[in-house]
Amino acid sequence: MAKFEREISSGGVVIRNVDAGIGILLIKDPYGKWTWPKGKLDKGEAALDAAKREIQEETGLINIKVISKIGRTDYFYKREGKLIYKTVYIYLFEFTGGEKLVIQKTEIDDGDWFFEEEALAKVGYKGAKVIMKRAITAFKKRGPDPQAEDGLI
């Protein structure tokens, strides 16, 4: 049986209400693929805490509110000739406003807000569209935030 290293990461799909619908935050990772912010858990860190930290580190967004856990992905990949079994926990967050994106250029190449259709077309990893659709559905089902002014957040 092949031996492998174990890696656990966490991240989040961040969505906001805008006049024309919803905006979805995507980052462009060092592999040139669009995805949501994510990264490895620090020792002793909970998955949800790691997701919040990674979003903040990679995008500068602090004013986010967790809506729900929306899934997880499990896969194998190779790094420096070693087989890695990776689990990524994914949460849905709502951006509640107040700051602009500040992309951490040391770890990711780009980041921006996209409307639903464009975000779904851009996500680049296997299974990512399914998770993104699940996040969009969950966001829309929860209804408008009663604290939002004029439907904008």
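Strands, like helices, are DSSP runs numbered from the N terminus, a strand having at least two residues. The structure shown in these views is a predicted model.

View A. The side chain of S9 makes a polar contact of 3.4 Å with the side chain of K86. Apart from neighbours within four places in sequence, the residues in contact with S9 are G39, K40, L41, K86, T87, V88 and Y89.

**View B. The aromatic pair of F4 and Y85.** Across the whole structure, a search finds six aromatic pairs. One of them joins F4 and Y85 in an edge-to-face arrangement, with 5.7 Å from centre to centre and 65 degrees between the planes. Since F4 lies in the segment before β1 and Y85 in strand β6 (residues 82–95), the pair ties together parts that are 81 residues apart in sequence. F4 is partly exposed, its relative accessible area being 39%, and ring pairs link F4, F76 and Y85 into a cluster.

**View C. The tilted pair of Y75 and Y77.** The ring centres of Y75 and Y77 are 6.2 Å apart and the planes stand at 45 degrees, so the pair is tilted. Y75 counts as partly exposed at 32% relative accessibility, and Y77 likewise counts as partly exposed, at 23%.

**View D. Arginines over aromatic rings.** R16 lies over the face of W113, at 4.2 Å from the ring centre. In R142, the charged end sits over the ring of F139, 4.1 Å from the centre of that ring.

Key: Residues numbered from 1 in each chain as written. Predicted model: local features only at pLDDT ≥ 70, side-chain atom pairs only at ≥ 80, totals over all residues. Heavy atoms only, no water. Polar contact = N/O pair within 3.5 Å; in protein donor to acceptor, adjacent residues only side chain to side chain. Contact = heavy atoms within 4.5 Å. Phe/Tyr/Trp six-rings, centres within 6.5 Å; stacked < 30°, edge-to-face > 60°. Helix = DSSP H or I, 4+ residues; strand = E, 2+ residues; numbered from the N terminus. Buried < 20%, exposed > 50% of the residue type's maximum accessible area, 1.4 Å probe, protein only. Lys NZ or Arg CZ within 6 Å of the ring centre and 35° of its normal.
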